[in-house]
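Subject: A structure for you to explore

Hi,

Here is the structure I promised to pass on. Have a look at it first, and then read my notes below.

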Amino acid sequence: MPLAVGTDAPQFTTTDTNGNSVSLSDFAGKTVVLYFYPKDDTPGCTKQACSFRDSNDRYTSQDIVVLGVSADDEASHQAFTSKYNLNFPLLADVEQSIIKAYDVDGGGYAKRVTYIIDGDGKIVNVDASVNTSTHATDILAQLGL
């Protein structure tokens with residue numbers, strides 16, 4: 001069961017596609033779309049990532065940060081990012097500590113769940129019924145954009 005709206009978003013520090021350290025606290029004051037997905041370069045996950053890629057200008061123009069999270073490692077994220085020209089960070093959660101903290105453990109992979117976290121670190125929306133093809137625009141609609 002995903003975390004509830006109104007919950008403080010669990011803090012984390014991990015590495016991104018390029019090996020840079022990333023913490024949720026790095027984005028204090030900004031809205032963060034934290035989306036969990038099962039595996040790089042699989043059909044549904046590719047559609048979902050490409051929907052965020054194609055809508056990224058709309059997110060960045062509103063100062064909204066998009067972060068994808070899976071249990072894949074940096075090398076897998078680099079290949080996935082390169083193959084599909086992804087323009088936002090993917091976070092490596094090989095130990096699955098973030099996946100577990102956000103209660104999206106699918107038994108060795110992340111369940112497909114998206115959290116919207118406000119600038120104060122509160123979860124303001126949870127989407128566990130993801131349409132991979134339209135997910136990025138669905139989230140924008142949930143944000144009133």
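Is valine 69 buried or exposed? Valine 69 is buried, because its relative accessible area is 0% (buried means under 20% relative accessible area, exposed over 50%, and partly exposed in between, with a 1.4 Å probe and protein chains only).

Before you go further, a word on the model. It is predicted, so to speak of local features we ask for pLDDT of at least 70, and side-chain atom pairs count only at pLDDT 80 or more, while totals for chains, interfaces and linings use all residues. Residues are numbered from 1 along each chain as its sequence is written, and side-chain values use heavy atoms, with hydrogens and water left out.

**The whole chain**

The protein chain has four helices and seven strands (DSSP runs numbered from the N terminus: helices are H or I with at least four residues, strands are E with at least two). Starting at the N terminus, their order is β-β-β-α-β-α-β-α-β-β-α. The C-alpha trace spans about 35 × 30 × 30 Å along its principal axes. A compact globule of 145 residues would have a radius of gyration near 15 Å, and the 14 Å of this chain agrees with that (the radius is taken over C-alpha atoms, and the globule rule is 2.2 Å times the number of residues to the power 0.38). Buried residues make up 46% of the 145 residues. Among contacts (heavy atoms within 4.5 Å) between residues at least 6 apart in sequence, 67% join residues at least 24 apart.

**Valine 69 and the cores**

Valine 69 sits in strand S4, residues 64-70. Not counting residues up to four places away in sequence, valine 69 touches Leu34, Tyr35, Phe36, Tyr37, Leu91, Asp93 and Ala110.

The largest nonpolar core has 23 residues, and those touching the most other members are Val32, Leu34, Phe36, Tyr102, Tyr115 and Ile117. Such a core is a set of buried Ala, Val, Leu, Ile, Met, Phe, Trp, Tyr and Cys residues joined through side-chain atoms within 4.5 Å. Two or more residues of this core come from each of strand S3 (31-36), S4, helix H3 (97-101) and strand S6 (113-117). Apart from this core lies another, of 17 residues, among them Tyr35, Leu86, Leu90 and Ala136. In soluble globular proteins, nonpolar side chains tend to be buried together.

**A buried charge**

Aspartate 127, in strand S7 (residues 123-127), is buried yet has no salt bridge (a side-chain nitrogen of Lys or Arg within 4 Å of a carboxyl oxygen of Asp or Glu). What is the nearest side chain of opposite charge? That is arginine 112, 9.7 Å away (Lys and Arg count as positive, Asp and Glu as negative; His and the chain ends are not counted).

**Two loop residues**

Aspartate 63, in the loop between helix H1 (43-61) and S4, has a positive phi near 60 degrees. Asparagine 85 lies in the loop between helix H2 (74-84) and S5, and its phi is positive too, at about 50 degrees, although it is not a glycine.

Happy exploring!
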